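Colleague: I am new to this one. Could you take me through it, a question at a time?

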Amino acid sequence: MHAVEFRNIGKKFGDYSANDDISFAIGANTVHYIAGENGAGKSTLMNILFGLCRQDSGTVSVFGETVNFRSPHDAIAMKIGMVHQHFMLIDDFTVFENVILGMEPVRGFQRIDEAGGKRKLQELIDEYSLGLDPDARAGDLGISMQQKVEILKLLYRESMILIFDEPTAVLSPSEVDSFLTMTSNFRSAGKTVIVISHKLKELERSADKVSVLRKGRLVFEASAKESKIDIDAVSRAIVGEAEIPKPHAKTEPGFKQPVLLSMKNVTYVKDKRRLLDGLSLELAAGEIHGIAGVEGNGQSELADIVCGVEKDFEGDAEPSEISAAIVPDDRHKKGMIREFSVAENLLLKRKGLSFHTGSTLRADSINVMEEFDIRAPDPDVPSGSLSGGNQQKAVIAREILSDEEIIVFAHPSRGVDISASAFIASRIIDERNRGKAVLLISSDIEELLALSDRISVMYKGRIVRTLPGELIKKCAGEEGAEYRERLMAELGRAMTGVEK
Amino acid sequence: MTEVLSAVFSVAFLTQVFRLMTPYYLGASGANFSERAGVINISIEGFMNLAAFSFAVFMIFTGSPATALALSLLSNLLFALLFASLTVSLKINQIVTGVGFNLLIAGLTKFLMVLLFSSSSNTPRIEGLPDIPFLKSVPLIGEVLSDTLTLFSILLVFVSGYLLFRTRFGLRLRSAGENPWAAETLGIKVRAYKYYGVLISSVLSALGGIWLVSEQHNYSDGMIAGRGYIALAAMIIGKWKPLNIFYACILFAGFEALEIALQISGADIPTQLIQMLPYLITIFVLVGFIGKTRPPAADGVPY
């Protein structure tokens, strides 16, 4: 029995075919991955399944029954639940209120049965070891806990089909592990799990089957039934004929050049919380200094201080007036003005262009868009209409062109597809080769190992460990594979505060 | 001066404060229901005005308080329905619509005054809403309790708190004001709850206007005198929480009672100075004590 079956699904937005004659089935009680580049049509297909939009042609059936959802409400009634990439939580509500909303346990006239509801919640929290407090305010929780609230919402609704849109994009390695364990628990509990992802390593570990979409069409399927899923084949299917570009090579000598930024014993307290606690860090020209760590250990505060947004800290920093370009972690909130056009966003930090006329600005923007591979129909379209990868490339273009000596990249490839992240990696290396000092903040250890000249691990507001460049070099190439595993495990431990 | 002080520290003064709190709390609580559902309703002033006028008119023509009350609330509901269709269904800017309603109602009442009573300022005398007689005999607080709408306001503090924070209706209404997109994915009919919020706000603010016109025993042009706006300030100072809003309304009512006490005592303080106090207090309290207030996250955002 199939949990879901798509038959000849077609969906157009204007002239653009988001889904084009897609047919495949998702087996009941399996973990099914849907992979593809940004804009390949994965989210559209899932939105159709969840009733958020309707297909132009084709049929969807759920547990053998043809369905025609007009709203998510219909999908929820068929025991389908979805965790969106951007969480749908009400920050000011408690975990309990968030979970029961729309399906409240009621006693008498409209009165919410708090005791009974919380008992049921606690049972689910214990059964799947979610470790949530029903009375906590959702807005106060960290990202991975918020994700668990979203999951709890589905479990509370007894969803049998759980859809996850890029669930691990914002998780640390250990959180990813526990997420994958959770998905296999769901499968053991008889549920069907659908994951939209382009993280091939995770797919290899936990997928029963994978369907790859490209440009709105189904191009590849593989099942883990007989043999392991061939990840290389999947990745080729994802990018199609286009080669995945190899990242640019690093030039010697790395960070022997002058130290551009030196921070000693920096402490930063906000709302009585010590977010940075005696942090010391050096950043030299011509190096990529990687900062590893689970999110929320002071990385974003460090970034704010380095780029001069936050000046109210204790400790020594040399120079005292720091100035840096920054590609921030949250491009929607801090990186760009979504309502502005691409051209206007590119202009925000440029020097020497105080007056701009339409035509020069346009020509200038088109050049930048070409140089940084920003794929937009026109420089005048609103930035918010671009895909995540192209938005990120626009932010990176603006920051690189601002020509600061120090550049901070915070999670530069988060939520960005394979080819865009390869492009971004090359640009980061280029800047290092040009002698810029690069601070690379990431929770993705692989990304850090591939790019960094040295890696410092942040934990609770301080640097707890620094890996020198020689160690990182040792794990490059085929022969370093085993060493690499060891190094990753060690970094993972340092990130969670476990001493070596 | 001693006369003023003795006037202030008296049961009569406290009674006065509670009575004067009534229109503020009814307006503020109404506005709160609307804003909790995510619709900013700055035409509380207009809704109070409309109800005060229509209650007077219906009293004059029917002579029955119950009929006048019902018809007056009905006319407010019709206006609120229009307000909700414009702001919720057609997503027209809520502030602009609110200002429009305030101006429209101010003009409409003036126009109808001339048409019906050949006077641009006053209607003939009316009887107000009747009191609850048997509560009058309660010692000390009988005066407060027996005023139907004052009693209703005090009960409303608890009823609205219960409704907003303990019931399914309240949870869904608040979800529409906090994150309508999330609420929709959970199958909540967000627009319907926004309509409920606006309709409740129009009924409660109508009662505020009806209290004023009952007290004054006739309708006069401009009689709401900014109480709808003070109600909005009380809602903000009260951080959108029923009990806190009640305290804020008591504060404003206290200054109004003080102003009246000063006028009666004939003390040599310019009344204009006292009249400024509620506004100064609003600014002072907001800056000094309350700090940053946080409205519902999607308040005023069209959905």
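**Strands, domains, cores and chains**

Modeller: Start with strand S16 (residues 314-318) of chain A. None of its five residues is buried, so the strand lies largely in the open. Keep in mind that this is a predicted model.

Colleague: Which residue of S16(A) is the bridge partner of A:Thr267?

Modeller: Strand S13 (residues 259-270) of chain A and S16(A) run antiparallel. Four bridges join them. In S16(A), the partner of A:Thr267 is A:Glu314.

Colleague: How far apart are the centres of domain 1 and domain 2 of chain A?

Modeller: The domain assignment gives domain 1 as 2-239 and domain 2 as 259-324 + 404-495. Take the centres over C-alpha atoms. The separation of the two domains of chain A is then 32 Å.

Colleague: Which element gives the most to the side of domain 1 of chain A that touches domain 2 of chain A?

Modeller: The contact takes 14 residues from domain 1 of chain A and twelve residues from domain 2 of chain A. On the domain 1 side, helix H6 (173-188) and helix H8 (231-239) of chain A each supply at least two residues. That side divides into six nonpolar, six polar and two charged residues. The top contributor, with three residues, is H8(A).

Colleague: What does B:Ala234 contact, leaving aside its neighbours within four places in sequence?

Modeller: B:Ala234 is itself one of the core members that touch the most others. So are two of its contacts, B:Tyr24 and B:Cys249.

Colleague: How many residues are in the second, separate core?

Modeller: This core includes A:Val368 and A:Ala397. A:Ala437 and A:Leu440 belong to it too. Its residue count is 68.

Colleague: Which element gives the most to the side of chain A that touches chain B?

Modeller: Here 17 residues of chain A are in contact with 16 residues of chain B. The chain A side has nine nonpolar, three polar and five charged residues. Helix H2 (72-77) and strand S8 (111-112) of chain A each give two or more residues. The most, three residues, comes from H2(A).

Note on methods: Residues numbered from 1 in each chain as written. Chains lettered and ligands numbered in written order. Predicted model: local features only at pLDDT ≥ 70, side-chain atom pairs only at ≥ 80, totals over all residues. Core = buried A, V, L, I, M, F, W, Y, C linked by C-beta atoms within 7 Å. Buried ≥ 20, exposed ≤ 12 C-beta atoms within 10 Å, placed from the backbone. Contact = placed C-beta atoms within 7 Å. Domains from an automatic or database assignment. Nonpolar A, V, L, I, M, F, W, Y, C, P; charged D, E, K, R; others polar. Pairing = 2+ DSSP bridges.
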